[in-house]
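Here are some friendly notes to read alongside the structure. Please keep it open and find each part as you go.

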Amino acid sequence: MDVRKNRAFHFVYLIAGCLSSLSSANQLECDFDSGITWIPFGSKWYTFISTPGNGYKMSKAQEMCKESAPGANIVCILNEKENKFIVDQFNRTAQSGTIWLGMVFDTDSNTMRWFDQSEVSFSNWAPGEPSEGTPDVDTCTVMDTKSGQWKVASCDEGFGRSVTCETTIIAVPDGEKCSRGSKNNVLPTALLITAAAILAIISIVTWYAYKRKHLAANGFNSIQHNPTDQVTDDSVLVENEEREYVA
């Protein structure tokens with residue numbers, strides 16, 4: 001087989017390997033619940049899960065978040081921009097209501113803290129909130145998604161038509177949305193597929209040209225004039241003439 005043909009097929013296999021690696025990488029980076037889309041903002045990713053009826057208790061909402069993606073939990077709002085981002089997302093979908101925030105009363109410090117035990121450095125409490133008196137262990141926090149204001153509530157109440165989750169672990173390029181097994185890498189993938197197709201065509205054409213040249217060369221040699229055959233024929237003619245003369 002021609003060396004050029006070998007090289008062409010080598011490149012085709014190489015491109016196929018790249019496509020396989022790209023596919024595997026996508027699945028590893030976005031390997032979580034297939035029915036959820038994550039939206040980037042700042043250093044976090046957010047998703048909004050619809051809930052039936054009157055919503056869920058805090059424990060159920062937190063469970064849903066943890067099952068949705070690696071490291072996910074109920075949203076913790078750390079600054080005004082993040083608070084506005086959450087409100088804007090609900091305004092776009094006309095699903096204003098009340099959602100859980102990842103803030104609970106910490107009996108050890110006797111203060112409200114986020115789930116990650118960080119202190120509350122930013123807040124957007126509604127007037128009169130938190131309510132006076134000592135909160136109990138079942139005191140959680142909710143947000144009115146229309147105004148963006150917060151208030152305390154019992155962790156055992158059911159709230160909202162949506163559970164808002166966040167995570168920082170999803171490894172996809174900034175500015176892209178992500179759902180299971182897929183990323184917005186359509187252009188690079190299409191280019192690799194096109195390159196593989198072109199190289200496959202080149203390899204086929206090269207092989208065909210090689211075979212045609214090889215066959216043509218063999219055919220030409222088979223019909224070439226053989227000087228040895230000519231000498232043999234002349235010898236037979238001379239011998240026959242000599243016999244006729246003697247006779």
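Which side chain does R113 meet in a salt bridge?

1. The partner of R113 is D106, with 3.4 Å from N to O. A salt bridge here is a side-chain nitrogen of Lys or Arg within 4 Å of a carboxyl oxygen of Asp or Glu. R113 counts as buried at 17% relative accessibility, and D106 is buried at 14%. Buried means under 20% relative accessible area, exposed over 50%, and partly exposed in between (1.4 Å probe, protein chains only).

2. Before going further, note that this is a predicted model, where local features need pLDDT of at least 70, side-chain atom pairs count only at pLDDT 80 or more, and totals for chains, interfaces and linings use all residues. Residues are numbered from 1 along each chain as its sequence is written, and side-chain values use heavy atoms, with hydrogens and water left out.

3. The structure holds five salt bridges. In one of them, K44 pairs with E82, and the closest N and O atoms are 2.9 Å apart. K44 lies in strand β2 (residues 44-50) and E82 in helix α3, so this pair ties together parts that are 38 residues apart in sequence. Helices (H or I, at least four residues) and strands (E, at least two) are DSSP runs, numbered from the N terminus.

4. K44 also meets E166 in a salt bridge (3.0 Å, N to O). That pair links strand β8 (residues 162-167), which holds E166, to strand β2, which holds K44, 122 residues apart. Through shared partners, K44, E82 and E166 join into one network. K44 is buried at 10% relative accessibility, E82 is buried at 4%, and E166 is buried too.

5. Now look for the open sheet: four strands in the order β5-β4-β6-β7, with antiparallel pairing. Two strands pair if DSSP finds at least two bridges between them. The edge strands, β5 (111-114) and β7 (150-154), each pair on one side only. Strand β6 (residues 139-144) pairs with β7 over five bridges, and T141 stands opposite V152 in β7.

6. How confident is the predictor? pLDDT gives its confidence in each residue, from 0 to 100. The mean for the protein is 73, and 62% of its residues reach 70 or more. Among the elements, helix α1 (residues 3-29) has the lowest mean pLDDT (48), while strand β3 (residues 73-74) has the highest (95). Where pLDDT is low, the predicted coordinates should not be read in detail.

Note on methods. pLDDT is the predictor's confidence in each residue, from 0 to 100.
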